[in-house]
Amino acid sequence: MSSASQQDAGREGAGAPGGAPARTGQGPGSGRTDAAQRPGPRANGQRHPAPRADPPPVWPGGPEPLGAHCRTTADGVAGVNFALWAGGAEAVELCLFDDDPDAPPGAPLTRQRETRCPLRELTHEVWHGFVPGIRPGQRYGYRVHGRWDPWTGARWNPAKLLLDPYARAVEGEFTLPPEVYGHVRDWPDQRVADTVRDERDSAPFVPKGVVVADGDDRADDHRPRTPWADTVVYELHVRGFTMRHPRIPERLRGTYAGLAHPAAVEHLRRLGVTAVELLPVHQFAHEDHLLRRGLRNFWGYNSIGYFAPHCGYAATGTRGAQVGEFRRMVRALHAAGIEVILDVVYNHTAEGGEFGPTLSLRGIDNRRYYRLQPDARRYADCTGCGNTLHVVQPNVLRLITDSLRYWVTEMGVDGFRFDLAAALARSPHDVDMLSPFLTVIAQDPVLRRVKLIAEPWDVGAGGYQVGAFPPLWTEWNDRYRDAVRDFWRGALPDLRELGYRLSGSSDLYAWGGRRPYASVNFVTAHDGYTLRDLVSYERKHNEANGEGNRDGTNDNRSWNCGAEGETADADVLALRRRQLRSLLTTLLLSTGVPMLVAGDEMGRTQGGNNNAYCQDNETGWIDWSLLEQPGWRALADLAARLLALRRAHPVLRSRAFFSGSAHGPDGLRDLAWFTPRGTEMTRDDWYAPASALGMYLSGRDVPGRGPRGEAVLDDSFLAVLHTGERPLRFLLPGRPWADAYELLVDTSLEDQRAAPGTRRAAGLPVLVRARSVMLWRVVHEDAPQGS
């Protein structure tokens, strides 16, 4: 007896694929109606359409690794080993798809020929088989048989073709017609629609997995390996960054190859960023409500294939060619010294809640892939997206960690930003920093060495966890975002919060050996206003999203500088550009890891849309013509200048927290704060309303040590931030802080070439113009650098 036969012998209703139909569950459950117990629509009067070709032989193969992998047997037979974890299933069919020989070139998915191959081997809940003669490029999917009993969480439906969770390439897009739903989507009584099984075949309407060869085109190991303290993150969208770039060939725009083009790489190098953080590139699906409104999911936070680069971003083809194209993009960025970080969405999938489509995990084993509510019919939703992956389940945890390792070892990426990471850290009930997911990551020899960024919250109870992730992790610091926005719009009640945020957020991260680079500082992100819109709009303008302007946050902490939206008022426009320069300068002078959003350095606008997730058009794409306008080109030049300063001076990217203590007999501190009177701030000053402060960073003894244990010496700097409406006289601190000061940056100036060279004696006042930042280099007469 085979292993499958041994394990299936005790299963009620088990049988060969295509055998007895799955039963509608008859367990307890209020609200079941006769209609809900009846099967729904059928295709051509059949529950499961007959295969259209004789199946090839299927040898036993093996259960490892999961997915589809090309192999050659000991006697020289080439083929593919298929392995699918489907613990609760009663039977599994591998479905192979080939072009219909009678179909014209370019025919749709409905003209593909399907061949069904029963997988009869079952080892440790993995169904597996080796199919000789199969080659890379073969399209495939699965049909999984089992009970239909939504009241107990069982939602098996073999009429639905399922994407292999381990598919490394996908061909086609999800369009979500009624046939791809496991239940009858349009059942008259919507209260029970999710309990009525739809028996129509979904295969003609869904994308297929593609077999990919384990070839020599995998990513190399020539990684930049930029230390965290030296990292500058640039968040970008592969499509949005390249779609309107005039120097990228049209056929490459919107693709991985477009991002690898020298014109794209040149901008990143000139700007001075060290890492790109790519919005989701895992295969994703568009939501049904968007497709019905003629829109598409642009951002991609709706993953369905955790191993596959999204096929919509491929220029070279989607029969596996997208894998090599992605790897070449990574190599091109690495060659420029730029790391690649992926924004990953392991907290939920595109299958949504109980009324969502059946695309993959739901049809494989709904009860063990997803968190369910106590009634088992509904989903526990800590993500706001309909479902939450059940990460405490070993098979789910394995799926995530296998995916992460694959992207590091095979695709060459350098790290990950985890969307709604608190959802991954949840135990059966609460967020737990000793959760299986965080524990596994901490001991994994591959994953613990890459960059790990948490979005440290989800929408469930107790989900806000900023500052709570363990030392291995860095975090998006939304408290930094809020404090800086509030300061520059004049809404901070005092300066305490700003002081903590500018100096690395020691109140959040100075525990357990964490460093200032645990804080990823940002003023804007993909989610919300662009930097230009932050100073141009006070109300969101999301009408184009088709949701009655109800979507997107109302808490923008923005200021429109006196006019809502676009204006011809020269004074308003000048003030806005000054605000932009001050915000950008504040970010890039702060201790921690700065994150810029692509296009903010050149004044990109979304017209006040603060939730442009479905705007795959000029709203979401970068307008590169902005660089041809002197004002916006000057902003990009300022960003590059500030990043060059940051790169040249370790005191601006400290590896350890400042102590605030004196480091010599003269009382000079490594970090000091000054009032406009030129005096150090007292406790009363921190608690009093104020519009300005000075931040002094001493280069005499920069926190941390060099590679040989030596002290790190650098220049010292004084940054003066003033958000008041009128010019301010600021007294430059005298000895021992400085003998003189040399001006490097003045954000009141459109052209920064006029700032350098200005010199002022210590102890004298300078005029700080309204809503501006001045950065001064400290001069000590007759003293070496860093003294």
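The model is predicted. Helix 16 and helix 17 pack with their axes 10 Å apart, the second largest pocket holds about 540 Å³ of space, and the structure has 9 cavities of 30 Å³ or more.

**Helix 16 and helix 17**

- Helix 16 spans residues 570–589 and helix 17 spans residues 630–648; the angle between them is about 15°.
- Angles under 35 degrees count as roughly parallel, so helix 16 and helix 17 are roughly parallel to each other.
- Their crossing is right-handed.
- On helix 16 the contact is made by Arg 577, Leu 580, Arg 581, Leu 584, Thr 585, Leu 588 and Leu 589.
- Helix 17 contributes Trp 632, Leu 635, Leu 638, Ala 639, Leu 642, Leu 643 and Arg 646 to the contact.
- By class, the residues of this contact between helix 16 and helix 17 are 10 nonpolar, 1 polar and 3 charged.

**Second largest pocket**

- The lining of the second largest pocket has 13 nonpolar, 11 charged and 3 polar residues.

**Largest cavity**

- The volume of the largest cavity is about 150 Å³.
- Its lining consists of 16 residues, with His 237, Val 597, Ala 598, Arg 604 and Gly 620 nearest the centre.
- Strand 12 (233–236) and helix 3 (238–242) each supply at least two residues of the lining of the largest cavity.
- Of the residues lining the largest cavity, 9 are nonpolar, 5 polar and 2 charged.

Note on methods:
Residues are numbered from 1 along each chain as its sequence is written. This is a predicted model: local features need pLDDT of at least 70, side-chain atom pairs count only at pLDDT 80 or more; totals for chains, interfaces and linings use all residues. Side-chain values use heavy atoms; hydrogens and water are left out. Axes are lines fitted to C-alpha atoms, for helices over the stretch in contact, and angles run from 0 to 180 degrees between N-to-C directions. Helices (H or I, at least four residues) and strands (E, at least two) are DSSP runs, numbered from the N terminus. Angles under 35 degrees count as roughly parallel, over 145 as roughly antiparallel, 65 to 115 as roughly perpendicular and the rest as oblique. A crossing is left-handed if the near helix is turned anticlockwise from the far one by less than a right angle, and right-handed if clockwise. Contact means heavy atoms within 4.5 Å. Ala, Val, Leu, Ile, Met, Phe, Trp, Tyr, Cys and Pro count as nonpolar, Asp, Glu, Lys and Arg as charged, and the others, Gly among them, as polar. On a 1 Å grid over the protein atoms alone, a cavity is a set of points where a 1.4 Å probe fits but cannot get out, and a pocket is an open set with protein on both sides within 12 Å along at least five of seven lines; lining residues have an atom within 4 Å of a point. Grid points are joined across faces, edges and corners, and a volume is the space filled by probe spheres set on the points.
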